[in-house]
Amino acid sequence: MQVLFDARDPEGLRLRATAVQRIHQATRRLGRFAPRVRIRLEGVRDARRGLDKRCRVEFAGDRGAAVVVTSTARDWPGALEAAMRCVVRKLMSMVGRVRPAKPARPVLHASGGSHAQLSR
């Protein structure tokens with residue numbers, strides 16, 4: 001998985017290794033559906049609360065499908081964790097739509113008793 005990291009704030013740059021590790025942990029089984037990831041950390045001014053931290057995570061798939069999640073919190077780790085939860089949830093729903101149906105399970109019939117009997 002290719003991870004591109006973009007942060008202009010020095011505090012955000014220190015979080016690079018943690019963010020990349022967290023991306024790999026969160027998507028270790030789903031990484032094949034989105035081989036390219038871009039993480040962008042930026043500071044955002046809010047009129048009521050002052051300076052907040054925003055984490056934007058973009059997953060780009062091979063077929064042109066993209067998942068983009070933006071999360072805002074008081075600190076970088078909080079914004080990153082909130083974004084990761086959203087990304088995993090969205091990727092899981094995409095995988096659920098793409099996954100082929102499971103074959104039907106065989107039906108066991110009860111013969112006379114209250115428990116199903118298997119013939120050998």
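Predicted model: local features only at pLDDT ≥ 70, side-chain atom pairs only at ≥ 80, totals over all residues.
Colleague: Which pattern does the chain follow when read along the sequence?

Modeller: The pattern is β-α-α-β-β-β-α, with 3 helices and 4 strands in the chain. Residues are numbered from 1 along each chain as its sequence is written, and side-chain values use heavy atoms, with hydrogens and water left out.

Colleague: What makes β3 and β4 a pair, and in which sense do they run?

Modeller: Two strands pair if DSSP finds at least two bridges between them. β3 and β4 have 8 bridges, in the antiparallel sense, so they meet that definition. Along this pairing, Cys 55 stands opposite Ser 71 in β4, and Glu 58 is set against Val 68 in β4.

Colleague: How many bridges link β2 and β3?

Modeller: There are 11, and the sense is antiparallel. Val 37 faces Phe 59 in β3, while Asp 46 has Gly 50 of β3 as its bridge partner. A hairpin through 3 residues joins β2 to β3.

Colleague: Why is the pairing in the sheet called mixed?

Modeller: Strands of a sheet pair through backbone hydrogen bonds, either parallel or antiparallel. Here β1 and β2 pair in the parallel sense over 6 bridges, with Asp 6 opposite Arg 40 in β2, whereas β2 and β3 are antiparallel. The 4 strands form an open sheet in the order β1-β2-β3-β4. Its edge strands are β1 and β4, each of which pairs on one side only. Neighbouring strands are turned by 15° against each other on average, direction ignored.

Colleague: Which strands does α2 touch as it packs on the sheet?

Modeller: α2 touches β1, β2 and β3, and its direction makes about 145° with that of β1. For that angle, axes are lines fitted to C-alpha atoms, for helices over the stretch in contact, and the scale runs from 0 to 180 degrees between N-to-C directions. Contact here means heavy atoms within 4.5 Å.

Colleague: How do you know that the buried residues of α2 line one face of the helix?

Modeller: The residues in question are Ala 19, Ile 23 and Ala 26. Seen down the axis of α2, they fall within an arc of 75°, so they line one face. The arc is taken from the directions from the helix axis to the C-beta atoms. An α-helix has 3.6 residues a turn, so residues three or four places apart point the same way.

Colleague: What makes a nonpolar core, and how many residues has the largest one?

Modeller: A nonpolar core is a set of buried Ala, Val, Leu, Ile, Met, Phe, Trp, Tyr and Cys residues joined through side-chain atoms within 4.5 Å. The largest one has 23 residues, and among those with the most contacts inside it are Ile 23, Leu 41 and Cys 55. β1, α2, β2, β3, β4 and α3 each supply at least two of its residues, and the largest share, 7 residues, comes from α3. Leaving out residues up to four places away in sequence, Leu 41 touches residues including Phe 5, Leu 15, Cys 55 and Trp 76.

Colleague: Why is Asp 52 called buried?

Modeller: Buried means under 20% relative accessible area, exposed over 50%, and partly exposed in between (1.4 Å probe, protein chains only). Asp 52 has 2% relative accessibility, so it counts as buried. Asp 52 is found in strand β3, and beyond its neighbours within four places in sequence its contacts include Glu 42, Val 44, Thr 72 and Arg 74. Over the whole chain, 28% of the 120 residues count as buried.

Colleague: Is Arg 74 buried or exposed, and what makes it so?

Modeller: Arg 74 counts as exposed, because its relative accessibility is 53%. Arg 74 is found in the loop between β4 and α3. Apart from residues up to four places away in sequence, Arg 74 touches Arg 49, Asp 52 and Lys 53.

Colleague: How far apart are Arg 74 and Asp 52 in sequence and in space?

Modeller: They are 22 residues apart in sequence and 5.1 Å apart in space, C-alpha to C-alpha.
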